[in-house]
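Here is a report on side-chain packing and pairing in one protein chain. Please keep the sequence and the model in view while reading.

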Amino acid sequence: MSYRDLEIWKLAREIAIGMHRMTLQNLPKFETYEEGSQIRRSAKSISANIVEGYGRRRYKQEFIRFLVFAHSSCDETIDHLEMLFETGSLKNEVIYRDLSFQLDLLGRKLNVFIDSVERSHRTDRSEILDPESRIAHPAS
């Protein structure tokens, strides 16, 4: 299995691509370099943090830490999108509603995924073989 198989990564990637296109095609030039740059970075950060967390999945707390970063970036992206729409820089309400819906959905899916990892993720093979022998991994 790869991070590419994760539904949350697929949705995050779709959002990042949609945000990128929106900022280049639907914003005034001055916003392309101001708020547009910020929203592109925060949107791309969601999928990047999912990937980095997945790479550290052997260590439960590290995995969760990066999933929380992804969720925070999702919230940041929502704030940037709302700012663009409320200031009138993004005038296309259909695009705004679609991206808002996708971000809200991703936020909910990230919450469920984080809860699932917290409840059931095993961090060490010895826990699987012998649940009584817990090996603590210090946080990096």
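## Around R40

R40 touches H20, T23, L24 and T32, not counting residues up to four places away in sequence. Contact here means heavy atoms within 4.5 Å. The model is predicted: local features need pLDDT of at least 70, side-chain atom pairs count only at pLDDT 80 or more, and totals for chains, interfaces and linings use all residues. Residues are numbered from 1 along each chain as its sequence is written, and side-chain values use heavy atoms, with hydrogens and water left out.

R40 is found in helix 3. Helices (H or I, at least four residues) are DSSP runs, numbered from the N terminus. R40 is buried yet has no salt bridge. Buried means under 20% relative accessible area, exposed means over 50%, and partly exposed lies in between (1.4 Å probe, protein chains only). A salt bridge needs a side-chain nitrogen of Lys or Arg within 4 Å of a carboxyl oxygen of Asp or Glu. For R40, the nearest side chain of opposite charge is E31, 9.3 Å away. In this count Lys and Arg are positive and Asp and Glu negative, while His and the chain ends are not counted.

## Salt bridges

How many salt bridges does the rule give? The count comes to six. Three of them are tabulated here.

| Pair | N to O distance |
|---|---|
| K109 and E7 | 2.5 Å |
| R56 and E62 | 2.8 Å |
| E62 and R65 | 3.2 Å |

Take the pair of K109 and E7, which meet in a salt bridge. K109 lies in helix 5 (residues 93-120) and E7 in helix 1 (residues 7-25), so the pair ties together parts that are 102 residues apart in sequence. K109 is partly exposed, at 26% relative accessible area.

E62 bridges to R56 and also to R65. E62 itself is buried, with 7% relative accessibility. E62 and R65 both sit in helix 4 (residues 60-86), three residues apart, about one turn of the helix. Shared partners join E52, R56, E62 and R65 into one salt-bridge network.

## Aromatic pairs

Rings of Phe, Tyr and Trp (its six-membered ring) pair if their centres lie within 6.5 Å; planes under 30 degrees apart count as stacked, over 60 as edge-to-face and the rest as tilted. By this rule there are five aromatic pairs. Y54 and F63 have ring centres 6.4 Å apart and planes at 80°, so this pair is edge-to-face. Y54 is buried at 10% relative accessibility. F63 is buried too, at 4%.

What is the geometry of the rings of F85 and Y96? Their centres are 4.0 Å apart and their planes lie at 5°, so the pair is stacked. This pair links distant parts of the chain: F85 is in helix 4 and Y96 in helix 5, 11 residues apart. F85 is partly exposed, at 22% relative accessibility. Y96 is buried, with a relative accessible area of 9%.

Ring pairs also build a cluster, which links Y54, F63 and F113.

In soluble globular proteins, nonpolar side chains tend to be buried together.

M19 touches I39, A43, T77, L81, L99 and L103, leaving aside residues up to four places away in sequence.

## Around L110

L110 is found in helix 5. Is L110 buried or exposed? L110 is buried, with a relative accessible area of 0%. With residues up to four places away in sequence again set aside, L110 touches I8, I50, A70, H71 and C74. L110 and V68 are 42 residues apart in sequence, and 8.3 Å separates them in space, C-alpha to C-alpha.

Key:
Helix = DSSP H or I, 4+ residues; strand = E, 2+ residues; numbered from the N terminus.
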